[in-house]
Amino acid sequence: MIIRDDDKQVTLASLADDNAEQETQYLLANATNAERLLRSLAQARTGLLMAHELIEE
């Protein structure tokens with residue numbers, strides 16, 4: 001966090017972190033997509049995972 005002379009606070013982040021934040025906001029902007037993603041995250045956190053092999057083309 002950077003505190004400017006006018007007492008306003010700003011943050012400095014890497015481009016990668018900023019891009020990730022923007023991607024997250026984009027994915028969660030749609031209510032249906034957000035619900036699906038958050039449900040999947042909750043399942044992953046409780047161990048309800050299914051491993052799948054990648055399909056090579």
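These are notes on a predicted model of one protein chain, taken point by point.

1. Basis. Because the model is predicted, local features need pLDDT of at least 70 and side-chain atom pairs count only at pLDDT 80 or more, while totals for chains, interfaces and linings use all residues. Residues are numbered from 1 along each chain as its sequence is written, and side-chain values use heavy atoms, with hydrogens and water left out.

2. Fold. The protein chain has two helices and two strands, in the order β-β-α-α from the N terminus. The radius of gyration is 18 Å, well over the 10 Å that the globule rule gives for 57 residues, so the chain is more spread out than a compact globule. The radius is taken over C-alpha atoms, and the rule is 2.2 Å times the number of residues to the power 0.38. Helices (H or I, at least four residues) and strands (E, at least two) are DSSP runs, numbered from the N terminus. Along the principal axes, the C-alpha atoms fill a box of roughly 55 × 30 × 25 Å.

3. Burial. Buried residues make up 2% of the 57 residues. Buried means under 20% relative accessible area, exposed over 50%, and partly exposed in between (1.4 Å probe, protein chains only).

4. The loop residue N30. N30 lies in the loop between α1 (15-29) and α2 (31-45). Its relative accessibility is 43%, so N30 counts as partly exposed. The side chain of N30 reaches the backbone nitrogen of T32 at 3.0 Å, and a polar atom of that side chain lies 2.8 Å from the backbone nitrogen of N33. A polar contact is a pair of N or O atoms within 3.5 Å; within protein, one must be able to donate a hydrogen and the other to accept it, and residues adjacent in sequence count only if both atoms are side-chain atoms.

5. Salt bridges. The structure holds two, each defined as a side-chain nitrogen of Lys or Arg within 4 Å of a carboxyl oxygen of Asp or Glu. D6 and R4 meet at 2.6 Å, N to O; D6 is partly exposed at 39%, and R4 is partly exposed at 39%. R39 pairs with E35, the closest N and O atoms being 3.4 Å apart. Because R39 and E35 are four residues apart in helix α2, about one helical turn separates them. R39 is partly exposed at 43%, whereas E35 is exposed at 52%.

6. The segment after α2. I55 is placed there and is exposed, with a relative accessible area of 75%. I55 and S40 are 15 residues apart in sequence and 21 Å apart, C-alpha to C-alpha.
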